[in-house]
Amino acid sequence: MERAERIGLGLAVIGHVGLFAILSYTLIPREELPRREAVAVTLSDDIGEFATATDRPAPASEERALEDDLEAMVPQEAEPLPQPRVTPTPAPPRTVERRTEPTPRRETPPQRREPAQSRSSRISGITEGIGTTNDTGTSASNAPVSASDRSNLISRIVTAVRPCYNLGSLSGTAAEDIVVRLRIQPSRDGSLSRSQVTVLGARGVNGSNREYQRQMVEAAQSAVLNPRCPLPPLPDALYDNGWSDVVLNFIPAQLT
Amino acid sequence: MIQFSKTAILLTASSALALGACSRSAPEDLPPPPVGTTGPDTTPTYSGPTPGSRADFLANTASDTIFFETDSHDIDPEDRAILDSQAAWLVANPNVRVTIEGHCDERGTREYNLALGERRANAASNYLAARGVSASRMTVISYGKERPIALGSDAASWAQNRRAVTVVPM
Amino acid sequence: MVFRIPSLSAFRQLVLGLCLAALGSAAAAQDDAASGPIEGDVVGGISNPTSIAIPDMPTPRAVGTPAGNTEDLGRQVARVIEDDLRNSGFFNPVARQFLRDVNMPQVTAPEYPAWNQVGAQNLVQGYVQAGSNGRLTVGCYLYDVFAQAPLERAGYEVDYADWRRAAHRCADMIYARLTGEGAYFDSRIVYVAESGPKDNRVRRIAVMDTDGANHRFLTNGQSIVLTPRYAPDGQTIVYMSYQNNEPRVYIYDVASGQQRLLVNAPYMTFAPRYSPDSRYVVFSMAVNGNSDIYRVAVSGGAPERLTNTPGIDTSGSYSPDGSRIVFESDRSGGQQLYVMNADGSNQRRISFGGGRYATPEWSPRGNLIAFTRLGGGFRIGVMRPDGSGERILTNSWQDEGPSWAPNGRVIHFFRTPRGNSLPSLWSVDVTGRMVRRLPTPVGASDPSWSPLLD
């Protein structure tokens, strides 16, 4: 890498960090709403076009077949109220299929590019918000979503979800070696129900944390389904080819 | 494998009862005697140190108590002087049986201190035996850190509590 | 500043996560108009108690029982469950004023949106019913409110007098399902109740449920009693008593209230612990200033000597498979931890840190040994059986005597303040979080957990 490229890349990185700081800052008002009160959380109300997910209605028509993993992790449906039992009822038997498919980390090999060009595109993102150039306000299209918009989308989604990634009792245990890979396919109105969440796999499961695998998957699921951490309002124009299909890697391990 | 003679058990039991009769080590909660033996009745009924009594022992020895360093059961020169005076009295009163209590300060764990207290009591007992007191006249008991005499949580209190006490029946 | 996140480290993770996301997107930028899912990393979980709603349990028919009306029992069962879960430290029960009334049909058909409104992540519903057989049935249902899905259910039938046990078992089911850990609420604790000043303290063996209920004294305080331990089968308690001014180990039969001497020796016996199969007791005996470790069959017979060193060997504790014993010895100069085979062979030191190590207790899971570390203060710690991975969990003037919960996740110990004060029982999570005092009627020391009750 040449010196100019290194400088350019450095500037791009700095600009990006700045971008996310600003984006994060814009989220503050929502995040600082009271979160511990046991009442419904009213979330941003202002962007009519992008419905917030406060109520998270189940999608009307979308009933996809779930992947095997999720299927295996969903408990049996409850039966009608059992008539008085006279003996302890064991838990319904459940077979948990473990698929430890490797979850490739998103690692794009660094490639040469024009620093100035990428910087300018980033700066436009900083000043004008996500998807300005693409957001025509029209109905959905299959127009391609630029890579920078895609990365901005994912960072906003991650920022929204992360405060609800609660390890609870799993924190500080061997469970923290387990990375859960989740796919979410939100509705266009921003809502998300369990049927729109697919478990793609869990990595790092070993003999000392196997008993926590199910709870780690559920911690990731709860993070995306928690009504306190709805998806942020995202541009409708970037739904297709953008935030309609999202993969999240939940990495509990402490960064040092 | 360990074998214990019946006489040893009886001796221990009777010594323990003698100890039980001692208000110093067993305050107000005397347990009922479990076996058909009774402790020696040496209760004095008149004033002045009766020969062979606790008062006599206390009046004619340097002290009934020796003190130890932290986590130690070593007998130092000061302890020796005290134990020598005790040995002399015990030799002069050959019918008196004694109990030697071992104690610890609170800055040890409970079970270790039980063992350490027993070690201290035995250190005193062994010294007295070397000075001519028959081992069969002496019973050791450890109270670990369960019976301090000084109540503070400071070095001075702990020093007072690290002790072995030779107890003569009243 | 950015988010309200509980700890500084969590905030640092967030910042780092943002930086990583920035780097990732910068790297991806050249690949314009990519297709497929967009992908990102959520790095660094937080650790908060889980919000859980435990509304009063309805009854299909309000019936009077010796333990009270079933309608009232439904309320009390819910409260016992709530207290258990809260005391674990991992759950934050929704305040009762926000809870909704639940009727019988709703027990199996929760109103998820309503529970979402009160902020509950999980929901516990159930019912209490008096059976014609003179027994009480408690149905217990656990739901995931976010996912709108049932997670687990179970029913428990108990005698009326044991209604609290049904509640504990329901709480155990919930705890185990949501944490991945083993259960432990439906168990008991034996300990030494202490009262009076330091130099004239009265000590009694006492037992209670893990939540402090059903408290009972087993001895009357005439003799010093120390270091009780529940047998793994829960039938007996082994402890040390100064009865007759002879410090000896006794076995107390819980059902009959009878006690008997473990070993008929003219020496102090102390530091008793059961083997995992309840058939042996490992203990220490002090002979002429030398304490060693022995074991003896509970059914009787001669003790077998396991250690033979001039030092103090004591506080032996079996591994859960019964094959090994961890103990403390000062053979190297100060107290340190050693492991040996159950027959006394292959003794080797496992602790090498500064200060002294004492009172080791092998976890029922087998993976850790809890101990007291002395040096400065007395602190509770854990290490792996090979001595690696040492972690100190508490920090106080004097914490000692660790004892494991049946699930190997929680440790009880006792804490003694400076000066002429009474000790008290505390618990700590094996991660070092959630140090909590256990309420007892008087001072308390030497806690020991029973196994899970049947």
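Student: What makes Val77(C) a member of a nonpolar core?
Tutor: Val77(C) is buried. A core joins buried residues of kinds such as Val through C-beta atoms within 7 Å, so a buried Val with such partners qualifies. Val77(C) touches Met57(C), Val128(C), Val138(C), Trp163(C), Ala166(C) and Ala167(C), even without residues up to four places away in sequence. Val77(C) is also among the members of the largest nonpolar core that touch the most other members.

Student: How do you know that the length of helix α2 of chain C agrees with expectation?
Tutor: Compare two values. The helix has 19 residues, 70-88, and at 1.5 Å a residue should span 27 Å. The expected span uses one less than the number of residues. The end C-alpha atoms are 27 Å apart, so the two agree.

Student: What follows α2(C)?
Tutor: Gly89(C) follows α2(C), with a positive phi near 90°.

Student: Where is chain C divided, and how far apart are the parts?
Tutor: Domain 1 covers 50-179 and domain 2 covers 188-449. Their C-alpha centres lie 36 Å apart. Five residues of domain 1 are in contact with seven of domain 2. α2(C) supplies the largest share of the domain 1 side, three residues.

Student: What makes that domain 1 side polar and charged by class?
Tutor: The domain 1 side has no nonpolar residues, two polar and three charged.

Student: How do you know that chains B and C touch?
Tutor: Contact needs C-beta atoms within 7 Å, so each pair counted passes that cut-off. In chain C, 41 residues are in contact with 35 residues of chain B. Strand β16(C) gives the most to the chain C side, three residues. That side has 14 nonpolar, 21 polar and six charged residues.

Student: Why should residues 1-41 of chain B not be read in detail?
Tutor: Their pLDDT stays under 50. Where pLDDT is low, the predicted coordinates should not be read in detail. The model has 69 contacts for residues 1-41 of chain B beyond four places in sequence. Chain B as a whole averages a pLDDT of 81, and 72% of the residues score at least 70.

Student: How many helices and strands does chain B have, and in what pattern?
Tutor: Chain B has five helices and four strands. The pattern is α-α-β-α-β-α-β-α-β. Of its 170 residues, 44% are buried.

Student: What share of the contacts in chain A joins residues at least 24 apart?
Tutor: The share is 82%, among contacts between residues at least 6 apart in sequence. Chain A has six helices and three strands. They run α-α-α-α-β-β-α-α-β from the N terminus.

Terms used:
Residues are numbered from 1 along each chain as its sequence is written. Chains are lettered from A and ligands numbered from 1 in the order in which they are written. This is a predicted model: local features need pLDDT of at least 70, side-chain atom pairs count only at pLDDT 80 or more; totals for chains, interfaces and linings use all residues. Helices (H or I, at least four residues) and strands (E, at least two) are DSSP runs, numbered from the N terminus. Two residues are in contact if their C-beta atoms, placed from the backbone, lie within 7 Å. A residue is buried if 20 or more other C-beta atoms lie within 10 Å of its own, exposed if 12 or fewer, and partly exposed in between; C-beta atoms are placed from the backbone. Ala, Val, Leu, Ile, Met, Phe, Trp, Tyr, Cys and Pro count as nonpolar, Asp, Glu, Lys and Arg as charged, and the others, Gly among them, as polar. pLDDT is the predictor's confidence in each residue, from 0 to 100. Domain bounds come from an automatic or database domain assignment.
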